[in-house]
Amino acid sequence: TKITFISPNGEEFVVEAANGTTVMENAIRNDVPGIEAECGGACSCATCHIYVDDEWAEIVGSPEVMEEDMLDFAYDVRPTSRLSCQIRVRDELDGLVVHVPERQG
Ligand code: FES
C-alpha cells in the first residue's frame with residue numbers, strides 16, 4: 001500500500017506500507033520529517049498530527065472520540081486533521097496522500 005507524505009515545503013516522501021500497520025509507524029520507519037509520535041501510538045500525545053489530502057478525507061474517515069479529544073492539543077487543526085497513529089493501512093488506502101503540518105504541538 002503506497003502512502004505519500006508531503007512536507008510543508010512541498011517535498012514528497014513515498015513509502016510502501018504494510019496493511020495493518022499505522023500511517024504513523026510508516027512515517028517513523030522511513031524517517032519522514034515532522035512526525036514525532038512521542039507517545040508511540042497510544043493516542044495520547046498529538047505529535048503525529050497530519051492532514052489527510054482532501055481527495056482522501058472521505059475514504060480515511062473521521063476520528064473517533066478519543067482521537068478527537070487529543071487533536072485539541074495539536075497545532076493548527078483543520079477539518080482534515082487526523083492523528084496518523086490512528087489510521088490503519090488497508091488496501092483501499094493505496095495511493096493515500098497526507099500532508100505534514102508546519103510543526104507539532
Ligand atoms: Fe501519540 Fe499518535 S503517536 S497520538
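1. **Confidence.** Since you will be looking at a predicted model, let's start with the predictor's own scores. The chain has an average pLDDT of 97, and 100% of the residues score at least 70. For the complex, the predictor reports an ipTM of 0.99 and a pTM of 0.97.

2. **Overall layout.** The chain holds three helices and five strands. Read from the N terminus, their order is β-β-α-β-α-α-β-β. The radius of gyration is 12 Å, close to the 13 Å that the globule rule gives for 105 residues, so the chain is as compact as a globular protein of that length. Along the principal axes, the C-alpha trace spans about 30 × 25 × 25 Å.

3. **Burial and contacts.** Of the 105 residues of the chain, 31% count as buried. If you take the contacts between residues at least 6 apart in sequence, 68% of them join residues at least 24 apart.

4. **The sheet.** Five strands form an open sheet in the order β2-β1-β5-β3-β4, and the pairing is mixed. At its edges are β2 and β4 (81-83), each of which pairs on one side only. On average, neighbouring strands of this sheet are turned by 35 degrees against each other, direction ignored. As a reminder, strands of a sheet pair through backbone hydrogen bonds, either parallel or antiparallel.

5. **The β1-β2 end.** Here β1 and β2 run antiparallel and are joined by five bridges. Is β2 tucked away or in the open? Of the five residues of this strand (residues 12-16), the number buried is zero, so β2 lies largely in the open.

6. **The β3-β4 end.** The strands β3 and β4 also have an antiparallel arrangement, with three bridges joining them. Within this pairing, I50 has R82 in β4 as its bridge partner.

7. **The nonpolar core.** The largest nonpolar core has 24 residues, and V23, M24, I35 and V98 touch the most other members. Elements giving two or more residues to this core are β1 (2-6), α1 (23-29), β3 (49-52) and β5 (96-99). The most comes from α1, which gives three residues. In general, nonpolar side chains tend to be buried together in soluble globular proteins.

8. **A closer look at I35.** Which residues is I35 in contact with, leaving aside its neighbours within four places in sequence? They are M24, A27, I28, C48, S84 and V100.

9. **Two residues with positive phi.** Please have a look at D31 and A37 on your screen. D31 is not a glycine, yet its phi is positive, at about 55 degrees. A37 has a positive phi of about 55 degrees too, and is likewise not a glycine. D31 is found in the loop between α1 and β3, and A37 lies in the loop between α1 and β3 as well. A37, by contrast, counts as buried, because 21 C-beta neighbours lie inside 10 Å and the cut-off for buried is 20 or more.

Terms used. Residues are numbered from 1 along each chain as its sequence is written. This is a predicted model: local features need pLDDT of at least 70, side-chain atom pairs count only at pLDDT 80 or more; totals for chains, interfaces and linings use all residues. A nonpolar core is a set of buried Ala, Val, Leu, Ile, Met, Phe, Trp, Tyr and Cys residues joined through C-beta atoms within 7 Å. A residue is buried if 20 or more other C-beta atoms lie within 10 Å of its own, exposed if 12 or fewer, and partly exposed in between; C-beta atoms are placed from the backbone. Helices (H or I, at least four residues) and strands (E, at least two) are DSSP runs, numbered from the N terminus. Two residues are in contact if their C-beta atoms, placed from the backbone, lie within 7 Å. pLDDT is the predictor's confidence in each residue, from 0 to 100. Two strands pair if DSSP finds at least two bridges between them. The radius of gyration is taken over C-alpha atoms; the globule rule is 2.2 Å times the number of residues to the power 0.38. Axes are lines fitted to C-alpha atoms, for helices over the stretch in contact, and angles run from 0 to 180 degrees between N-to-C directions.
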